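Good morning, and thank you for coming. I would like to take you through a few local features of one chain.

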Amino acid sequence: MANQEDNLFKNVIAHAKEYGFIFPSSEIYDGLSAVYDYGQNGAELKNNIKEYWWKFMTLLHDNIVGIDAAIFMHPTTWKASGHVDAFNDPMIDNKDSKKRYRADQLIEGYIEKLEEKIEKEVEKAAKRFENFDRDMFIATNGRVVEYKKKIDEVNERMKNAMGSGDMVEMKKIIDDLEIADPISGTRNWTEVRQFNLMFSTEIGSLADDANKIYLRPETAQGIFVNFLNVQKTGRMKIPFGIAQIGKAFRNEIVARQFIFRMREFEQMEMQFFVKPGEEGKWYEYWKEKRMRWHQTLGLGAANYRFHDHLNLAHYAKAACDIQFNFPMGFRELEGIHSRSDFDLKSHEKFSGKKLQYFDSEDNQSYVPYVVETSVGLDRMFLSVLANSYKEEKLEDGSDRVVLRIPAPLAPHKVAILPLMKKDGLPEKAAEIMNDLKYDLRCFYEEKDAIGKRYRRQDAIGTPYCITIDHQTLEDNTVTIRDRDTMKQERVHVKDLRSKLIDACSINNLLRKI
Ligand SMILES: Nc1ncnc2c1ncn2[C@@H]1O[C@H](COP(=O)(O)OP(=O)(O)OP(=O)(O)O)[C@@H](O)[C@H]1O
């Protein structure tokens, strides 16, 4: 990360704490690594993101229903899903810095550097030649062709090593590429070891292996095991989807970068069950739909891109990420996976129960194929927070920090500010608030000068401030101040509701998708 972006990210993190968005977990005991608590403003923002997702899935699609499965599941679930045997990350330690890394991420970092080199060559050439043909240049320039060859070769070696669980080969790749620890600068590495990411605990009073259960590492399996329950009781016809929002737990090897990679986090997942053979069509459909959902938020379309997976899981037909331009660069925000019938078939095998759908049109039973969309709620939160955070210099020479959070997601939609604490202004303000509070989350404040109060609302992203002054008592008008433009206009109290609801409603945002 470049220094400037690094500093900005640090400021975002500090701001999130100072203004009640995110606190380190159990902070009075010095915190717990990669675990965070959401504060009074964070919880509201998070709930609004959930609502935007949940309503998109379950209101806008009459063939998608939502469930809420338990975190604990029968331990065989995780045998069937492959997590007990294969939910591992390869870890490696540097003996000098004593830092721990994911071996695959070290190798990916090497590949990223080659990709950056290619981009630099492209940029240089684009400046030199008129009518520059990027694809032609990449296909023919000697240096770029070499870089690309190297990338393919490394990717192929890593894919094979990860696929077969060959950790000796993973270590060899790191040695061959002469990858050094960014901290110590040395290549004094340990062997690469597999590390299972699932947390386990015991159920009941006996602490022995027979009672061992796991904290779910993904919410998807709660959907798969309930597939027939939902299909039958909801009389669902294929294609249909099951959506869920819930906690997931992963003992991540390297948990840095604030809430981007946590050990306890939340996922918003939807499994879409389709007829075998139709998964390709639905995969494309969901890719497009999910991208539109993101872009409608208004954080800037250019901040999103697709990234196709080259290394597919053995059961996957296709997989891609929607990446977001986080402060540390483009990273995965959401995964879209065509998972075939792997999960349901595997649960059939391990449970001995049929998980088939009877298609009355074709008069046949089959195990449906699945297309999954899976987005991290905390990563969504980070994308909104980091993108909204702005340090601005104003015309009068002063500074302000403002969170330009999309209005429908803002923790508070409107601040109600009586200009003074006397002359009946607080009473009038309370009257206005009592009318608005059923539709819009309001923040009431009467302390300090109005300018100071505006700044505090800017810092928590409140899109509108309403000031009640003496004129309000005469003609029932108030001033509305817009967070982003800082412009103020005089509005009649009776017009407030419709004006504010229009701008702040999640339902209106959903209409734009
Ligand atoms: N440790 C984590 N902390 C926060 N969010 C996470 C974490 N792991 C996964 N997610 C979120 O859940 C989504 C779906 O999970 P999935 O298993 O596809 O992630 P993943 O491919 O393992 O992610 P990564 O490659 O970043 O570890 C991800 O796109 C991400 O938004």
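I shall speak about a sheet, then a helix, and lastly a single arginine. Please bear in mind throughout that this is a predicted model.

Let us begin with the sheet. It is open and has 3 strands, in the order β5-β4-β6, with antiparallel pairing. The strands β5, residues 100-102, and β6, residues 193-196, each have a single partner strand and therefore stand at the edges, with one side of each left without a neighbour in the sheet. On average, neighbouring strands here are turned by 45° against each other, direction ignored. Strand β4, residues 88-93, is joined to β6 by 4 bridges, and the two run antiparallel. As for individual positions, D89 has F195 in β6 as its bridge partner. Helix α5, residues 103-128, packs on this sheet, where it touches β4 and β5. The direction of α5 makes about 70° with that of β5.

I turn now to helix α15, which spans residues 450-460. Which of its residues are buried? They are Y454, Q457, D458 and I460. The elements that cover them include the helix α2 (40-58) and the strands β18 (399-403), β19 (414-418), β21 (464-468) and β22 (477-482). Just after α15, G461 takes a positive phi of about 85°.

Finally, the loop between β18 and β19 contains R404. Is this arginine, R404, buried or partly exposed? With 19 other C-beta atoms within 10 Å, R404 is partly exposed, because burial requires 20 or more. Leaving aside residues up to four places away in sequence, R404 touches S388, K390 and D484. The C-alpha atoms of R404 and F9 are separated by 16 Å, and these residues lie 395 residues apart along the chain.

Definitions and conventions:
Residues are numbered from 1 along each chain as its sequence is written. This is a predicted model: local features need pLDDT of at least 70, side-chain atom pairs count only at pLDDT 80 or more; totals for chains, interfaces and linings use all residues. A residue is buried if 20 or more other C-beta atoms lie within 10 Å of its own, exposed if 12 or fewer, and partly exposed in between; C-beta atoms are placed from the backbone. Two residues are in contact if their C-beta atoms, placed from the backbone, lie within 7 Å. Two strands pair if DSSP finds at least two bridges between them. Axes are lines fitted to C-alpha atoms, for helices over the stretch in contact, and angles run from 0 to 180 degrees between N-to-C directions.
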